[in-house]
Amino acid sequence: MSKSPILLRNFNLATMIAGETPYGMIENAALVIDGEIISWAGNSIALPDQYSNLDAHDLGGRLVTPGLIDCHTHLVFGGNRAREFEMRLEGASYEEIARAGGGIVSTVTATREASENELVQDALPRVDALIAEGATLLEIKSGYGLDQDTELRMLRAARRIAEERPVRVKTTFLGAHAIPAEFKDKPDRYVDEVCIPALRAAHAEGLVDAVDGFCEGIALSPAQIARVFDVAKELGLPVKLHAEQLSNLHGAKLAASYGALSADHLEYLDEDGVIAMAKAGSVAVILPGAFYTLRETQLPPLETLNKHGVPVALATDANPGSSPLTSLLLTMNMGCTLFRMTPEQALAGVTQNAARALGMSDCGTAETGKRADLAVWDVEQPAELAYRIGFNPIHKRIYGGKL
């Protein structure tokens with residue numbers, strides 16, 4: 001027997017639909033949820049008669065937004081790098097830390113040693129922190145295995161998170177993240193003998209929603225990334241790319257040539273790359289947590305991205321090394337404070353544009369026909385979500401129509 005629709009009343013709704021009003025705001029709003037879907041949203045005065053007799057949930061004048069979306073994370077991994085953080089602050093160089101077994105090598109080692117259950121259990125507290133701030137959709141990458149067995153184990157663990165918690169998960173294969181120690185000075189062999197076979201195996205097991213890579217001098221070259229992307233295209237998988245974080249290897253332009261969902265980081269992106277992204281419809285995913293942690297000084301070119309109409313998303317980049325961040329609210333504040341985004345741009349970055357960066361069309365805005373993933377906040381105005389530092393004003397989360 002189907003349940004009766006749910007009526008929400010007495011709140012302000014930031015629909016995040018681009019239009020004449022900031023935040024797509026509807027004051028004195030009402031919203032009807034039928035199953036998992038929003039069947040009507042608008043001003044209370046215009047509520048259709050068919051819904052007028054429903055028992056209403058009074059939200060006490062609060063603010064409602066779409067559920068938040070973290071579109072770039074590395075939430076599944078083994079171990080942590082707190083001691084490495086401490087060593088850096090004690091004056092150790094990157095090379096000294098690497099010689100001591102630190103850096104990505106330490107995370108790869110710990111991840112390879114962890115079982116699937118251990119990876120899931122270690123990730124859940126990080127996931128819970130995001131859910132507690134209104135997140136309803138997460139992207140989770142592999143990339144800390146760098147061998148076939150561990151890459152697949154990471155992706156299985158990521159899939160299981162959606163079974164363990166009320167949150168949707170999109171999985172991304174990131175075998176092209178780095179070159180493991182056993183293939184030092186043999187990156188092409190790694191791509192051909194490990195990365196591409198692992199991608200094919202993950203796809204055959206139904207574990208992959210998208211394919212990513214890290215295009216940098218310390219990671220993989222554009223030519224190596226292109227070989228991985230050619231296989232993704234063959235398998236019918238969308239691509240995205242860590243690009244222009246530390247230098248400009250024109251990775252964003254390469255990604256755009258494959259119709260990439262997004263290019264991410266982008267501190268060293270030039271205007272040619274921006275234009276290529278605009279033509280391809282790719283989203284720019286900005287990651288202030290890594291910028292902050294690494295104490296970078298090169299700002300991503302937000303003015304140029306805005307000039308050419310490239311949508312800008314924000315994400316935590318949650319990972320054990322360069323961005324141990326599990327707060328989308330703090331990410332929004334950083335986007336405003338570090339990158340001079342407006343609060344409206346920041347909120348769009350973790351809702352509408354984040355959904356687009358994942359290729360998702362059923363969420364990201366609060367409107368008729370979309371999935372009823374919503375966040376209810378104890379705030380008077382949406383700017384408060386980006387304004388406060390270290391404060392979570394969530395009142396409740398609505399996930400798939402469930403309050």
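## A friendly note on this predicted model

1. Let's start inside the protein. Leu146 is buried, with a relative accessible area of 2%. Buried here means under 20%, so Leu146 falls into that class. You will find Leu146 in the loop between β6 (135-141) and α5 (148-164). Its backbone deserves a look too, as the phi of Leu146 is near 60°, a positive value in a residue other than glycine. Most residues other than glycine have a negative phi.

2. Before going on, a word on confidence. This is a predicted model, and the protein averages a pLDDT of 96, with 99% of the residues scoring at least 70. Where is confidence lowest in the protein? The place is helix α2 (residues 94-99), with a mean of 69. Strand β5 (residues 68-70) has the highest confidence, at 99.

3. Asn10 also has a positive phi, near 65°, and is likewise a residue other than glycine. Asn10 sits in strand β1 (residues 6-14). Is Asn10 buried or partly exposed? With a relative accessibility of 34%, Asn10 counts as partly exposed.

4. Now look for the open sheet. It is formed by 8 strands with parallel pairing, in the order β5-β6-β7-β8-β9-β10-β11-β12. Which strands stand at the edges? They are β5 and β12 (312-314); each has a single partner strand, so one side of each is left without a neighbour in the sheet. On average, neighbouring strands of this sheet are turned by 25° against each other, direction ignored.

5. Strand β6 and strand β7 (residues 168-176) run parallel and are joined by 5 bridges. As an example, Lys141 has Thr172 in β7 as its bridge partner.

6. For an antiparallel case, turn to strand β2 (residues 25-34) and strand β3 (residues 37-43), which are joined by 6 bridges. Which residue in β3 is the bridge partner of Leu31? That partner is Ala41. The hairpin of β2 and β3 has 2 residues between the strands, and Gly35 in this hairpin takes a positive phi near 70°.

7. Just after α12, Arg340 takes a positive phi of about 65°.

8. Last come the aromatic rings. A pair of aromatic rings is described by the distance of the centres and the angle of the planes. The count comes to 4 aromatic pairs. One of them is formed by Phe291 and Phe339, which are 5.0 Å apart centre to centre with 80° between the planes, an edge-to-face arrangement. Why does this pair tie together parts that are apart in sequence? Phe291 lies in helix α10 (residues 288-293) and Phe339 in helix α12, so the pair links parts that are 48 residues apart in sequence. Both Phe291 and Phe339 are buried.

How values were computed
Residues are numbered from 1 along each chain as its sequence is written. This is a predicted model: local features need pLDDT of at least 70, side-chain atom pairs count only at pLDDT 80 or more; totals for chains, interfaces and linings use all residues. Side-chain values use heavy atoms; hydrogens and water are left out. pLDDT is the predictor's confidence in each residue, from 0 to 100. Helices (H or I, at least four residues) and strands (E, at least two) are DSSP runs, numbered from the N terminus. Buried means under 20% relative accessible area, exposed over 50%, partly exposed in between (1.4 Å probe, protein chains only). Two strands pair if DSSP finds at least two bridges between them. Axes are lines fitted to C-alpha atoms, for helices over the stretch in contact, and angles run from 0 to 180 degrees between N-to-C directions. Rings of Phe, Tyr and Trp (its six-membered ring) pair if their centres lie within 6.5 Å; planes under 30 degrees apart count as stacked, over 60 as edge-to-face and the rest as tilted.
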